[in-house]
Structure formats: structure tokens, C-alpha cells
Amino acid sequence: MKLLAIVLAVVVAAPMVLVPVAARAAEDVKIALVAPLSGRWARQGQLKKMGAEMAIAEINAQGGIKALGGARLVLREADAGDSVEKAVSAAQRALSREKISAGIGAWLSSFTLGVTEVAERLEIPWFTLSYADSITERGFKYTFQTSPVSGVQAEQALDLVVDLARRNKQTLKKAAIVGDNTAATVFFFKPLREKLLKAKGIEIVVDEVWTPPLADATAIVQKIRSAQPDIVFYGATNFPDSIQVLQKVKEFGVKVPIQGVGAWLVTPEYVKTVGKELLDNIMTVTAAHPLKGQEAFVKRFTERTGEPFMTQDPLMSYAHVWIIKEAIEMAKSADPKAIRDAVAKLDLTSGPAAAALAPGRIKYDERGRRVGAAPIIVQWQNGEPFTVVPVEYATRKPIWHGGK
Amino acid sequence: MGAGDLAQYVATGLLVGGVYALMSIGLALIFGVMRVVNFAQGDFMMLGMYVTYFLAVGAGVDPLLGALVTIPPFFLLGVLVHRVLLARVTGGGDPGRQHDAQLIVTLGLSLVITNATTMILTPTPRGIPTAYATQAFALGPVLLNQARSYAFLMALVLAAAVYVFLTRTDVGKALRAAADDPEAAAYQGIDVRAMHALAFGAGIALVAAAGGLLATYYPIEPTVAGNFIVLMFVAVVLGGLGSIPGAFVGGLLIGLVQSLTLLVLPFQLQNTGVFIAFLLVLYLRPQGLFGRRLRTV
């Protein structure tokens, strides 16, 4: 009986002891993606997932993480839903259920603020495309912000637009500010309204901010029509609101350059909903967009996903997965703390991650902000958005709308 | 601010309110007859938008016609949902406990419909590009958006049809009798359960048609109901709980107040105007504009 017990104990215990040793040669490295996969931002979460999955497929096809004996990357996605509370609890569940080496998310700045607190507490390096300045103003060690922050975007974008106008022999004298009161838009408009436009000698002739959803855009577009600004700074992050404004712009025959503030203005569904004529020449500022020389890469993405083109959300999560891969190679470990230290020392100027983001360098400063991160101006031309500024990365020449 | 501008604000408000009105009468019909607060009403509207979209994209049916085509299938869907789900929690039993069960059923239904649609049709917004969404009729200095004008006219016609049905036909009268006093109606030989099925089916069909009309100028996504559901409830309560003409006027009024609020308040406070008007009406006339003293809010 005693012998039977010993034999049984050995049989039961053996796999526990032996399997991890056998599997350690190539244990999967798990990356968490916390993004809205249900609710009103589900589409953005879905796009982020597409980019991350593409990078993981490429890395695994190339033999996985070499420093870890060809370990494969796997994605663990968690639905951030439509509120900060849901995003935080999704992150908590995803990060504490199993060993996660690094994470990406959570698209909306307010979600990211909550999710990065969880990651900081659990000491897991976290990568985000969110814009809010406050994300990297809290002294966190594990948060890495790849986009230029809102404050920087507003300043640099205004310079780019003024310069673009000048090169087209236009001077900007009157501006309209039109948008909703969601966080990213508010942070962008605030410096424009308070100092930046005045410093350039530009007068604000229309300043209309609404709470989504917008019931009707008539009053807004009527004001733009009668004030005749030289440029409209436009921040309608809620898709139906934006469609109503653009339809009304066409209905009222308003001809004015529209400068959007955010990647929300260059998603494929715009073409399907309002048609390409209405979009032509509309520009927007974004943190990432396919650059010159990335044509083959973009083609791989569109073939893989069926999306007509690539935008900031998949591009950023694609780059983030590659950054995590490079950091693991450098750390020679899947331990989150080791990866964090490697990211802090990382300085990439080649490879898929560096190639994906202007100005072609991946290095984070002591606050966790990407060094040299600068906004990109994207313009709709014939139903597709192209990078037009900065010129050295542009895939098309910018067209100044209307031209007086 | 000239007279032309004021006229434009009024016209815009009425056009916006027309579709709110049609959305709301379905809700009012269901509440009036069944005393059920249907939280899934907006989700049926969303489904109506999708059906209209697929008819337009797949079969080239003009969305204005598509909106009408949604009526028969959604009526049947409503009857089915009533039979399978709502009949179990309405008509008899302890009213307090039934009320809780109804809330859970309709809220649950709303969550299931939204998330199933997100899973099956993906969260990508879609839209029907129509020429009339970006064109306007010029009435002197006032521009009337064509899509909204057509939607407004069709909303008027449908609401009038419902009104005539309720007041002039035997079935309509039976429906009102079942609403007024289910017990007495049953003694008169009216099948109250069938009336409930009819009211729910018609309520769903109406909101689906409103969705179809909305789809002529508004993008469609699984969460679109959230942009309208609160206004629908406000319209129904404003008009007097369960009153069909009340809900219609309530819907129009909301559109008008939203638009005219902009004359005095900044855009961000647009819906504040609606809720101030709402509170005022409830304060001065707690039963709502068309409600009877029987049931106060």
C-alpha cells in the first residue's frame, strides 16, 4: 500500500517537475493588450489588435525571440469596455492572472491613466499611444508614451500648418475652433486658444465646443460660413458628430481648409459614409501614419486585414510589439523588470519599430516620453489619407484647400 | 440675430424633433398599453438602421423606402419578443415584482442586442451615402436639409397613421381599452394579451422605421442607441407617460428646445436647455403635457 502511494505520488508529481524544464526552452512570452473591444470605441480597439497581431505573426514567423531560444510571443487581450472602471478592472485581471511580460493600451487617455497605475503597481512595462500630457507627468517608471503629447502636438502642428499655408502663399489671419469637449480635444485646443494662435497673430473668430452627441450641426456651420475663417481647427472625435458637421459643410457650400486634431478623422469608414469628394483636402494631425518607404509594409497589412489602408492605431501597436521584442532580446529575459530596464536603455534607429514611427528613432527619456516624437500631418486625397508633412516622410504633396 | 436666423433655428429644431417624435411614439405606445418601460427600444431602432442599410447597400433600396420596408418584419419580431420574453413578466401577478422583472428583461435584452450586433456586424460605423443628406431646400433665407425634411414628413405621416388607427378602428379602440383598464377590457371580450403583443409589435416597428429614416443622414453603429435613448424617455415623460400625441409633441419640443437653447446658452449646454424645459413642465404640469391626472410622475 505504501509502495502504491509512492508510485502514485511520483506519477502525479512527475509532470509538474519535468514539463516546465522541457518547455522552458521556448516558453511563450505573453504581451497584454488592454483596449476597448466592446462599446462605442470597440472599432479602435479592433484596429489596435490588428496591428499587434501582425507584428506577433511576423516575429514568430522569423523564429520568435532569439535570446530566449526561439520563444514565441502571444497576445493576451482584455476588453477595456467603455469606462475607466472597466478598463482598470480588465487590466487588473489580465495582469494578475498569469505572467505578463509587457503591455499595450488602452487607447483613450483617461483609460490609459487608470491602466498604467495598475501596470506600475505590478511593475510591468506599459506602452501607450495616448496623447494626454499627464500620463507621463506622474513619475512612473513603467509607462512609455510613444506619441507626442497633446501640448507638443498643438504647438508643432500649428507651426506646420502656418508653414504649409505660407508655402502656398496664404496668410492665416482668422481661425475657427470647433470640436467636442473630450479630453484629447480639450488639451489640444487649450494652448491654441490661450496663447499659440495669438502669438502667430491669428484671431479666433468662431469658438464652439459641444458635448457629444451633437444633435445637429447647422448652427456651427452657419457660424463658420458667416465668419469666413482662413482655417478651421476641428475636433469631433465622436463619429456621428463629425459626419453631421462634414455633411453640413457640404450642404452650406462652405469652402475652408479643415485641420483636424487626431487620428479619428482618417478612418476608412469616413469614405464609405460621406464619400471621397467631401473628404478631399481635409487634413489632420496624428501621432503616426504610414511614411514614405513603408508601402510594402502597408500592403501586407491591408492584404492581411482587408482594411483599405493603415492608420495610427494599428501602426502604433505594431511598433509597440516590435519594441517589446527588441527589449526582450536585449534583456535576454521575459521578466517584466528586466524588460523595463532594457526599454529605458533602448536606442533603436533601425528595424520595423524605428521604421514605423517618425523620426525613425525609438528612445524614451527619463519620463518615459519618446525622444523626438513629432506630430504628422495627414491629408485626404482621392479617398485615401496620405502623410504630407513632414516633407521628408511624405507620401504625397500637400494640397492647400480651396486657395483664395 | 435677424429674423432669418431665428427662422433657421426654429426650422432646424423642428426637423430634428420630427425623428425624435417618431422614435418616442413607439415607446409611448408600449408604455401606455403594457406599462412596460422598454430599455431595449433604442436597440431595436439600431437594428432598423442596419436593416435599412443592408437593403440600401445590398439591394439598392432607397433608405426612405427601406425605412417603410422594416415595418412588417419588425412588427413580427416585436410580437415574437413579446411572446417569448415579455409575456412572462406582464399581465397579472404582483405588479411590484413584475416591474422589477420587466426592467431586468428589457435592460438585459438591450445589452444582448448591442453586444451581439458588435460581435456579428463588427463595431465599424457604416453609413448610407445619400445625395439628399448634403443638399437643402431653400425656403427664402432658411435652408431645410433634404434628408431631414423627408424624414420629418414621413414621421408625420406615420404618426398620423398610428393616431387614426388608435382612434378610428375597432382594434385600435380595443387597444386603448386594454390600456385604460385591462380587467374591464377583458370582461368586454378583449384579448388583453393579444393587445399587448400588438402594442409591442407596433412599438418596435415604429422605432425601427424611425431608425430607417435616421439612417438617411446618421451613421450606424452598434452603440448608436445611446445617443438617443435618454431623449426618447424625456419626450415620453414630457408628453405625458403613455400618451401618443404627447410623445409626438414631446419629441418635437425637444428638437425645438435643443435648437433654440443655442440662442442663449453655449453649445456645451445644449441639452441642459432640454432638461430645464423638462423640469419646468414636470413642475407646472406633473402629469406631462398630454397626460391625465390618473398617473402622476
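Predicted model: local features only at pLDDT ≥ 70, side-chain atom pairs only at ≥ 80, totals over all residues.
Trainee: What makes chain B as compact as a globular protein of its length?

Mentor: Begin with its elements: chain B has 12 helices and 2 strands, and along the sequence they follow the pattern α-α-α-α-α-β-β-α-α-α-α-α-α-α. The globule rule gives 19 Å for 297 residues, and the radius of gyration of chain B is 19 Å, so chain B is as compact as a globular protein of that length. Its C-alpha atoms fill a box of roughly 60 × 50 × 35 Å along the principal axes.

Trainee: What share of the residues in chain B is called buried?

Mentor: A residue is buried if 20 or more other C-beta atoms lie within 10 Å of its own. By that criterion, buried residues make up 54% of the 297 residues in chain B.

Trainee: Which share of the contacts in chain B joins residues at least 24 apart?

Mentor: Among contacts between residues at least 6 apart in sequence, that share is 76%.

Trainee: How do you know where the domains of chain B lie?

Mentor: The bounds come from a domain assignment, which gives domain 1 (31–224) and domain 2 (228–297) of chain B. Their centres, taken over C-alpha atoms, are separated by 20 Å.

Trainee: What makes up the contact of these two domains?

Mentor: Two residues are in contact if their C-beta atoms lie within 7 Å. The contact takes 9 residues from domain 1 of chain B and 10 residues from domain 2 of chain B. On the side of domain 1, helix 1 (3–34), helix 2 (41–59) and helix 6 (146–168) of chain B each give two or more residues. The largest share, 4 residues, comes from helix 6 of chain B. The residues on this side of domain 1 divide into 6 nonpolar, 3 polar and no charged.

Trainee: What makes up the side of chain B that touches chain A?

Mentor: That contact takes 30 residues from chain B and 28 residues from chain A. Helix 1, helix 5 (95–121), helix 11 (244–264) and helix 12 (270–284) of chain B are the elements that give two or more residues to this side. Its residues divide into 11 nonpolar, 18 polar and 1 charged.

Trainee: How do you know that strand 6 and strand 7 of chain A pair?

Mentor: At least two bridges are needed for pairing, and strand 6 (residues 174–180) and strand 7 (residues 203–210) of chain A share 7 bridges, in the parallel sense. For V178(A), the bridge partner in strand 7 of chain A is E208(A).

Trainee: Which helix lies on the path from strand 6 to strand 7 of chain A?

Mentor: The chain passes through helix 6 (residues 183–199) of chain A, and this β-α-β crossover is right-handed.

Note on methods
Residues numbered from 1 in each chain as written. Chains lettered and ligands numbered in written order. Rg over C-alpha atoms; globule rule 2.2 N^0.38 Å. Buried ≥ 20, exposed ≤ 12 C-beta atoms within 10 Å, placed from the backbone. Domains from an automatic or database assignment. Nonpolar A, V, L, I, M, F, W, Y, C, P; charged D, E, K, R; others polar. Right-handed = clockwise from strand over helix to strand, strands pointing away.
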